[in-house]
Amino acid sequence: MVDLLENDFLEVINNVRRGDAPEWSDPPFVRYEDIADHTFDIDDSKGSTNTIKRQFEQGTASYVNGKPNSTYTLRFICYDEYMHQFVYDDGKGHANKSMFKKNTLIADFIVYDTSENNVWIIIHELSKGILKNKSQHGQVQLERTVDLLCRSKGIKNFVDTFKNKWCVLSAYDERVIQTPNGIADAFMNSYTILPEPLKFQFGAMKRLGFMGFETSKIVLE
């Protein structure tokens, strides 16, 4: 995915740019972080070189990553940061104007396991504040992110190799994703019992086989 964002995706970027924005030709920077911990949190570290990883239940979203002795190596691509590097000088006093129109909504992270098994790929948006107040906007951010990414044939082909394709919207309310077929139910009994997450699926998300969840607890088995 890193290579695809550095190369193939530039065609999409140039196709959706503002009319007065010049074509982008420089190699873009893709910041990413690999995390293989069993339990951890993530938070938004936009604009810094700090790690996105936080102590478990100390960030915006919590991950329970496989089993203690068998975890996935998850690659977190800072997609929001990636997209915000595409700026230009419009000659009208705006030296760092976004190449994209205002309705181009962008999620925070692309997450996927780097194993050859291709089990999980997640488009993840973190929101500050109460999730119910961010729900509609956050869902649209995720749907539009999936739509834009998969306009690249290379990225769509890569995404289609994964068994589980999720869009996740997280904030500070506490919910938990139940894993398919109840695989992790016994394990999760050691955690506080939380309400079921809100599921959603529409538009490009549905067409491209993604399932959406509003939750701050992500369990990967």
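Which strand holds Ser62? Ser62 is found in strand E4, residues 61-65. The structure is a predicted model, in which local features need pLDDT of at least 70 and side-chain atom pairs count only at pLDDT 80 or more, while totals for chains, interfaces and linings use all residues. Residues are numbered from 1 along each chain as its sequence is written, and side-chain values use heavy atoms, with hydrogens and water left out.

**View 1. The whole chain.** The chain has seven helices and 13 strands (DSSP runs numbered from the N terminus: helices are H or I of at least four residues, strands are E of at least two). Of its 221 residues, 52% count as buried (buried is under 20% relative accessible area, exposed over 50%, partly exposed in between; 1.4 Å probe, protein chains only). Among contacts with a separation of 6 or more, 69% are between residues 24 or more positions apart (contact means heavy atoms within 4.5 Å).

**View 2. Ser62 and its surroundings.** Ser62 counts as buried because its relative accessibility is 4%. Its side chain makes a polar contact of 2.6 Å with the side chain of Asp41 (a pair of N or O atoms within 3.5 Å; within protein, one must be able to donate a hydrogen and the other to accept it, and residues adjacent in sequence count only if both atoms are side-chain atoms). Leaving aside neighbours within four places in sequence, Ser62 is in contact with Phe40, Asp41, Phe56, Glu57, Ser216, Lys217 and Ile218.

View 3. Glu57, a contact of Ser62, sits in the loop between strand E3 (53-54) and E4. Its phi is near 65°, a positive value in a residue other than glycine. With 45% relative accessibility, Glu57 counts as partly exposed. Asn118 lies in the loop between strand E8 (109-113) and strand E9 (120-126). Phi of Asn118 is near 50°, again positive in a residue other than glycine. At 17% relative accessibility, Asn118 counts as buried.

**View 4. The largest pocket.** The lining consists of Val16, Lys101, Asn103, Thr104, Leu105, Arg144, Asp147, Leu148 and Arg151 (a pocket is an open set of points on a 1 Å grid over the protein atoms alone, where a 1.4 Å probe fits, with protein on both sides within 12 Å along at least five of seven lines; lining residues have an atom within 4 Å of a point). Helix H4 (residues 131-149) gives the most to this lining, with three residues.
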